[in-house]
Amino acid sequence: MTRALTILLALAPATALAQVSPPPPSDAGHDPGFVTLDRFDASSKFGGELSYLFPNHTTGSVTALRAELHGQYVDPASGFGAYAQLPVGYVRESDMGMTQSGTGLGDLELGGLYVPHVANPDLAIVLRAGITLPSGSTGSDAETANLAAAFTRLNDYYLAVPGGLSGRFSGSLLARSGKLFVRADLGLDANKSADGNANVDAVVHLNAGVGADLGGGLDIMGEVVNLYDTGDNGNTSGSSWINAAAVSMRLYTGTVQPYAALVLPLDDDASSLMTAALTVGLEGTLE
């Protein structure tokens with residue numbers, strides 16, 4: 001936990017690399033992106049990230065990782081665009097001289113975006129509709145890897161459904177005032193089919209984040225992801241909610257943007273698996 005915080009804070013001196021501060025974004029749709037919320041906005045970009053999960057309630061040694069590639073393109077004239085994202089999970093467990101590991105490919109998500117033109121440049125709306133293709137790995141070890149990795153980015157939990165064919169829909173409001181910017185997401189994930197005819201409950205997303213421009217191209221954000229399981233039974237704690245928070249930062253240099261986040265569980269369901277997670281990533285913009 002301490003090591004994760006040290007790594008996160010150590011990224012701050014990277015602002016020295018930005019000898020000239022980049023110009024501010026032209027509108028709220030191009031504000032710096034949050035790390036654990038929906039990443040969709042008015043920009044065209046691609047990137048990758050790696051997350052490390054600090055496990056909880058383990059008797060041996062556990063290494064859990066999540067890697068992801070993502071990208072999107074939005075036509076500035078029409079506001080229509082498309083996106084894709086694909087995660088990979090890895091877990092390795094060692095206990096009493098025995099080691100077991102697994103690697104799982106997540107479901108590939110493809111979808112469309114619409115960012116309508118708004119007269120006020122300090123406001124932006126992002127609409128998204130996507131589908132996950134059933135590329136998610138099956139088998140006990142691979143499914144365990146994907147499930148553990150999903151807790152590092154709860155917002156995309158549905159990409160861990162083995163062989164999942166699902167629809168994902170969301171709407172986001174982005175706003176800014178001076179050096180402050182905010183984001184709110186409302187989304188719904190609904191599964192059509194999964195490996196073994198598994199019954200996967202629909203999930204509602206209620207996310208929010210606030211950020212501040214610290215100058216020199218550095219932004220710091222606070223984020224909260226909340227998932228609501230629409231099933232009748234709830235989660236292991238008896239609650240239908242699962243929640244996580246994050247403190248994140250992004251170096252906004254223009255075309256290349258490194259970022260990092262420290263993710264923390266907020267309820268028993270999230271903390272049953274992890275004490276924290278650390279995510280680092282890099283995005284490049286196409287504008």
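The model is predicted. A search of the whole structure finds 15 salt bridges, among them one between aspartate 31 and arginine 176 and one between aspartate 122 and arginine 176.

**Glycine 171**
- Glycine 171 lies in strand 7, which spans residues 165-177.
- Its relative accessibility is 23%, so glycine 171 counts as partly exposed.
- Leaving aside residues up to four places away in sequence, glycine 171 touches Val126, Leu127, Ala184, Asp185 and Leu186.
- Tyrosine 114 is 57 residues from glycine 171 along the chain, and their C-alpha atoms are separated by 9.7 Å.

**Salt bridges of arginine 176**
- Aspartate 31 and arginine 176 meet through their side chains, at 3.4 Å from N to O.
- This pair links distant parts of the chain, 145 residues apart: aspartate 31 is in the loop between helix 1 (2-10) and strand 1 (45-55), and arginine 176 is in strand 7.
- Aspartate 31 counts as buried, at 10% relative accessibility.
- In the salt bridge of aspartate 122 with arginine 176, the closest N and O atoms are 2.9 Å apart.
- Because aspartate 122 lies in the loop between strand 5 and strand 6 and arginine 176 in strand 7, the pair ties together parts 54 residues apart in sequence.
- Aspartate 122 is partly exposed, with a relative accessible area of 31%.

**Glutamate 109, arginine 128 and their network**
- Salt bridges that share partners join Asp38, Glu109, Arg128, Arg153, Asp156, Arg168 and Asp189 into one network.
- The side chains of glutamate 109 and arginine 128 form a salt bridge of 2.8 Å, N to O.
- Glutamate 109 belongs to strand 5 (residues 108-114) and arginine 128 to strand 6 (residues 123-133), 19 residues apart.
- Both glutamate 109 and arginine 128 are buried.

How values were computed. Residues are numbered from 1 along each chain as its sequence is written. This is a predicted model: local features need pLDDT of at least 70, side-chain atom pairs count only at pLDDT 80 or more; totals for chains, interfaces and linings use all residues. Side-chain values use heavy atoms; hydrogens and water are left out. Helices (H or I, at least four residues) and strands (E, at least two) are DSSP runs, numbered from the N terminus. Buried means under 20% relative accessible area, exposed over 50%, partly exposed in between (1.4 Å probe, protein chains only). Contact means heavy atoms within 4.5 Å. A salt bridge is a side-chain nitrogen of Lys or Arg within 4 Å of a carboxyl oxygen of Asp or Glu.
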